[in-house]
Amino acid sequence: MATFEDVKGVVDDYYPLYINGQWVHGGDGERLTVTCPANGEVVTTAAVATKEDVDAAIMAAWQAWPKWRQVSQQERYTILLKIYERINAKLQHFAMVEALNCGKTVSGAVWEMLFAADQFPYFASVLRTHEDGISRPYHNVRSLVVREPVGVVGAITPWNAPFIMAAWKLAPALAAGNCVVLKPSSFTPASSMELIKEIADLLPPGVVNVVNGKGSTVGQWVLDHPGITKLSFTGSTEVGRTVGHAAAEKIIPATLELGGKSAGIYFGDIPEEKFGDAVACGVQNILMLAGQGCSLQSRILVEDTLYDRYVEALAGVFRGFKVGMPWEEDAQMGAIAYKSHMESILGYIDSGIEQGARLVCGGHRITDPPFDKGLFIEPTIFADVDSKMRIAQEEIFGPVVVVIKFHGEEEAVQIANDSVYGLGGGVFSGDLAKAIRVAEAVRTGTVTINGALSNPAGGAFGGFKESGIGRENYKTTLDHFSQLKTIHFPL
Ligand code: NAD
């Protein structure tokens, strides 16, 4: 069984900033401290950028841009493939870094690393087939419609999946010929820094820069800086509004990948032989990442004819779910990323009880050794939940699922859509036509039919409603990172 001692060496003691191809220490010596959420031990520190560092990063990006935008498609394609090879060769290493950084299990993080690596060959291919156009508006005019990079992208990422989110932004931004200033979450900077360490020598100085620090300072400086010509943000809906305002103020494009409260809908017609899969799906779609995933299905809607049986079966799996240290091979669920977030989850559990939902299992912080030094919460189910309760409306972002009863297809869709969010969702049914009807009727960016959630490259990912604007992970993502220019050519 792996131990903390086995994994703690995967991160450096300290990460400087990365600006203009140099590792620099940051203006005033301030540092972020990353503690392992599973045992409270300090695992690394990172330099905090000053406003001057942010200026320097953006200036370096602009200095690099004229050459970088001229790099041929073929050459950029080759660079992206090399980045893929570097990540792919060290999947386990990056997964261990992410486990220390965020508290998630190494085994779960490996999947994220695979998907992160795959962004680079995916967007390498998209870029090679992203052809410009020519139109003939009059017999003596040709109009060349060409795509240009937007310039310097401010990429801001959340704490829950920092490595893959960095990959989701870097791959399309670089493919489209942009330079990037990346601002990872101040809670979890380590994996982004390990990524940059690995790929830095493949890119000219200034093409990618990383500035660490708090959102309210370093993040806000990135938003407001006149040198940023595109914002690519993943995080909460609340901060997403601030990003949207900043973009509107400067009249620049912004893609916003925001919060979610996704619903998995389970119909009573699930064939008997598929019932076990349907339960496994309900478990997987919330407990992976200990519920700290934007598109996890934190609402389970079950038809009245199946409700009691489904809740009982779900509870059976939740009770036996193996919570463990992230580095233990048999751990199915790890820790909560940081203390105030754990307290917020526990607050939601209290509110569910106060509002009259039935606590079926879980509901507590785990404090028995060896969990006492870490941030762990029991897998938790609330049943008999009304869709208007806070636990059914607000994003809890923890291992807590609410199970809501419905009667018939129409009510299922109505409850699923009773949310300000519209990110993901699922349908489980023995009737494929019904499943497709429901998938089309729910107002969300992705829906999975009869299966567990997965977001491989090539599936457009993004939100309806307050879950965001724009799509990542898909060929049209390059459109968000470029703009069209028409060159009219009278013959
Ligand atoms: P957050 O909004 O608090 O922070 C996200 C990033 O924004 C961090 O880097 C933070 O430092 C920065 N930030 C905060 N205030 C800022 C400001 N004023 N100006 C500029 N930057 C600022 O989100 P979080 O708590 O890190 O992440 C969890 C949230 O992210 C959840 O709501 C989750 O659903 C969402 N999320 C969405 C997706 C998606 O693809 N839709 C993916 C992962 C996470």
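Colleague: Is D28 buried or exposed, and what is its relative accessible area?

Modeller: This is a predicted model, in which local features need pLDDT of at least 70, side-chain atom pairs count only at pLDDT 80 or more, and totals for chains, interfaces and linings use all residues. Residues are numbered from 1 along each chain as its sequence is written, and side-chain values use heavy atoms, with hydrogens and water left out. Buried means under 20% relative accessible area, exposed over 50% and partly exposed in between, computed with a 1.4 Å probe and protein chains only. On that scale D28 counts as exposed because its relative accessible area is 54%.

Colleague: How many Å apart in space are D28 and A49?

Modeller: D28 sits in the loop between β3 (22–24) and β4 (31–35); helices (H or I, at least four residues) and strands (E, at least two) are DSSP runs numbered from the N terminus. In sequence, D28 and A49 are 21 residues apart. Taken from C-alpha to C-alpha, their separation in space is 8.2 Å.

Colleague: With which residues is F94 in contact, leaving aside its neighbours within four places in sequence?

Modeller: F94 belongs to helix α4 (residues 91–102), and it counts as buried because its relative accessibility is 1%. Contact means heavy atoms within 4.5 Å. With the sequence neighbours left aside, the contacts of F94 are R86, I87, M113, F163, E194, L195 and E198.

Colleague: How many of the 10 residues of α7 are buried?

Modeller: Helix α7 spans residues 190–199 and is mostly covered. Its buried residues include E194, L195 and E198, each of which is in contact with F94. The number of buried residues in α7 is nine.

Colleague: Which residues come nearest, of the 27 residues around the ligand?

Modeller: A residue is near a molecule if one of its heavy atoms lies within 4 Å of it. By class, the shell around the ligand has 13 nonpolar, 11 polar and three charged residues, where Ala, Val, Leu, Ile, Met, Phe, Trp, Tyr, Cys and Pro count as nonpolar, Asp, Glu, Lys and Arg as charged, and the others, Gly among them, as polar. Of the 27 residues in the shell, those that come nearest are T157, W159, K183, S236 and E395.

Colleague: Which element gives the most to the shell around the ligand?

Modeller: The shell draws at least three residues from each of domain 1 (4–258 + 468–490) and domain 2 (263–456). At least two residues of the shell are supplied by each of α8 (215–224) and β11 (230–234). The element that gives the most, with four residues, is α8.

Colleague: How far apart do the C-alpha centres of domain 1 and domain 2 lie?

Modeller: The division of the protein into domain 1 and domain 2 rests on bounds from an automatic or database domain assignment. Across the two, 25 residues of domain 1 are in contact with 27 residues of domain 2. Their C-alpha centres are separated by 31 Å.

Colleague: Is D384 buried or partly exposed, and at what relative accessibility?

Modeller: D384 is placed in the loop between β16 (380–383) and α13 (390–393), and its phi is near 55°, a positive value in a residue other than glycine. N473 also has a positive phi, near 70°, but N473 counts as buried because its relative accessibility is 0%. D384 counts as partly exposed because its relative accessibility is 39%.

Colleague: What is omega for the peptide bond from P369 to P370?

Modeller: P370 lies in the loop between β15 (358–361) and β16. The peptide bond from P369 to P370 is cis, with omega near 5°.
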